[in-house]
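I opened this notebook to go through the model piece by piece, writing down each thing I looked up. The entries below keep the order in which I worked.

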Amino acid sequence: MDKAIDTILSLVKTKSEAGEVLFCLENFAGTIFLSKEKPPIAEYFSRLKQELADELIHTFTEKVSAETSRSEAESFLKQLQTALRNCKILQLTIAFHPDDETIALFSSWVKKEIANNILLDIQTDKTIGAGALIIIDGKYKDYSIRKKIAGVFQIQKDEILGLLSHAKQ
Amino acid sequence: MLIDPIIFIFLTASTAILTVILLAIVISYAANLSKFHRVQQINFQLQAELSQKPLRLLEDAHGKALEIISQANKQANEILSNSELYKQESQASLKEKMDSLEKNQQDAFHKASQELQEAYKIILNQVKEEDINTLKNITKDIESDAVSEFKEFTNALEKETINAEKIAKKEIDEEYLLLKKELDTYKQEQLQKVDEDIYSVLYRVSELVLSEGISFDHHKQLVIEALDQAKKEQVFK
């Protein structure tokens with residue numbers, strides 16, 4: 001894969017971000033090669049986060065320059081769009097609302113430990129207590145504290161009920 | 001040809017016979033006719049005689065009848081006069097006898113009615129006394145019957161009441177045992193339910209306490225640990 005694409009993918013953390021990027025790329029593709037009076041490239045990616053936007057602007061400024069042909073630029077654009085659409089989605093259900101730093105932490109772990117083309121889809125569910133529920137490629141795994149507590153209560157049910165009956169007496 | 005003479009003879013014989021018969025008839029007719037004339041003559045004579053005799057007879061009879069009638073009238077008048085006298089006498093006598101008879105009858109009726117009244121009074125009193133005695137006897141019988149029946153009823157009622165009491169007591173005891181058993185069962189079920197509810201509450205409280213007690217960094221750490229665990233379990237492959 002093109003290194004530029006790889007770099008961009010490493011900066012796209014979540015599924016929603018990927019959607020935003022694709023939206024911007026659609027607009028970019030629709031106008032950059034057609035209209036003579038085109039806006040600055042930065043304007044196409046203004047809605048994105050700074051780091052990602054900067055990378056995209058830098059990349060496309062290079063690609064859509066006098067040295068590169070239009071077909072090359074279009075090809076790159078399509079490759080980037082395809083790469084984004086082909087990314088795997090890792091659905092992560094956690095017990096709290098993550099901030100950007102936390103999302104970046106999880107995303108960097110995933111891209112480092114698993115693959116660069118994995119996007120996070122973070123859901124919040126307080127009932128799991130802590131930990132996470134992971135869904136990827138149709139596989140489901142429960143690593144929440146709720147499950148651990150349920151396991152403890154199930155295993156030690158008799159002991160707990162014995163304690164209750166002692167307490168009643 | 002033999003036939004013709006026979007026929008001739010036959011015809012001749014028959015003609016002769018018929019002639020003879022005819023002659024006989026004529027002769028008898030003539031005789032009868034003359035007889036008839038004679039009889040008719042006699043009849044006319046008799047009629048003439050008869051027409052004269054009744055007149056004389058009638059006259060004789062009429063005269064006798066008149067005589068008889070006058071005699072009868074005379075006798076009738078005598079009888080009528082006699083009978084009128086007799087009638088008056090008999091009427092007077094009848095009236096006298098009727099009066100005496102009426103008086104006798106009145107006396108007899110009066111006497112009879114008095115006797116009847118007396119007899120009726122006596123009988124009425126007798127019947128009255130008999131009825132009073134009968135009523136007294138009936139009342140006594142009714143009283144004794146009522147008393148005996150009431151005693152029987154009281155005894156029967158007492159017996160039934162005791163039996164009913166025993167049955168009721170038995171049923172109440174059985175019902176009580178059944179209810180007690182049901183109550184115990186219910187109590188056990190409710191206690192078990194309470195245990196389960198407490199268990200659920202403990203479980204939920206544990207969840208809440210643990211989740212609330214965890215810091216934000218610890219949460220992040222737990223997520224990373226979950227991802228690590230998933231990687232170890234090759235979930236991402």
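**Conventions.** I am working from a predicted model, in which local features need pLDDT of at least 70 and side-chain atom pairs count only at pLDDT 80 or more, while totals for chains, interfaces and linings use all residues. I number residues from 1 along each chain as its sequence is written, with chains lettered from A and ligands numbered from 1 in the order in which they are written. For elements I take DSSP runs numbered from the N terminus, helices being H or I of at least four residues and strands E of at least two.

**Sheet.** I looked up the strand order in chain A and found an open sheet of 4 strands, 2-1-3-4, with mixed pairing (two strands pair if DSSP finds at least two bridges between them). Strand 2 (118-124) and strand 4 of chain A are the edge strands, each pairing on one side only, and the twist averages 20° from one strand to the next. I then noted that strand 1 (residues 88-94) and strand 2 of chain A pair in the parallel sense over 7 bridges, with A:Ile118 as the bridge partner of A:Lys88. Strand 3 and strand 4 of chain A, by contrast, pair in the antiparallel sense over 6 bridges, and there A:Gly131 stands opposite A:Ser144. Helix 6 of chain A lies across strand 1 and strand 2 of chain A and runs at about 140° to strand 2, where angles run from 0 to 180 degrees between N-to-C directions and axes are lines fitted to C-alpha atoms, for helices over the stretch in contact.

**Helix pair in chain A.** I checked helix 1 (residues 3-11) against helix 4 (residues 50-63) of chain A, whose axes come within 9 Å and cross at roughly 165°. The two helices are therefore roughly antiparallel to each other (the term applies to angles over 145 degrees). From helix 1 of chain A the contact uses A:Ala4, A:Thr7, A:Ile8 and A:Leu11, and from helix 4 of chain A it uses A:Glu51, A:Leu52, A:Glu55, A:Leu56 and A:Thr59.

**Chain contact.** I asked how many residues of chain A are in contact with chain B. The count is 26 residues of chain A against 23 of chain B, contact requiring C-beta atoms, placed from the backbone, to lie within 7 Å. Helix 6 (100-113) is among the elements on the chain A side, and helix 6 of chain A gives the most to that side, with 5 residues. The axes of helix 6 of chain A and helix 2 (residues 216-232) of chain B come within 11 Å and cross at roughly 15°, which makes the two roughly parallel (angles under 35 degrees). In this pairing A:Thr102, A:Leu105, A:Phe106, A:Trp109 and A:Glu113 meet B:Lys220, B:Val223, B:Ile224, B:Leu227 and B:Lys231.

**Positive phi.** I found A:Asp137 with a positive phi of about 50° although it is not a glycine, and placed A:Asp137 in the loop between strand 3 and strand 4 of chain A, a hairpin with 2 residues between the strands. A:Asp137 counts as exposed because it has 10 C-beta neighbours inside 10 Å (exposed means 12 or fewer other C-beta atoms within 10 Å, with C-beta atoms placed from the backbone). B:Gln234, also not a glycine, has a positive phi of about 60° and lies in the segment after helix 2 of chain B. With 8 C-beta neighbours inside 10 Å, B:Gln234 counts as exposed.

Note on methods. Contact = placed C-beta atoms within 7 Å. Parallel < 35°, antiparallel > 145°, perpendicular 65-115°, else oblique. Buried ≥ 20, exposed ≤ 12 C-beta atoms within 10 Å, placed from the backbone.
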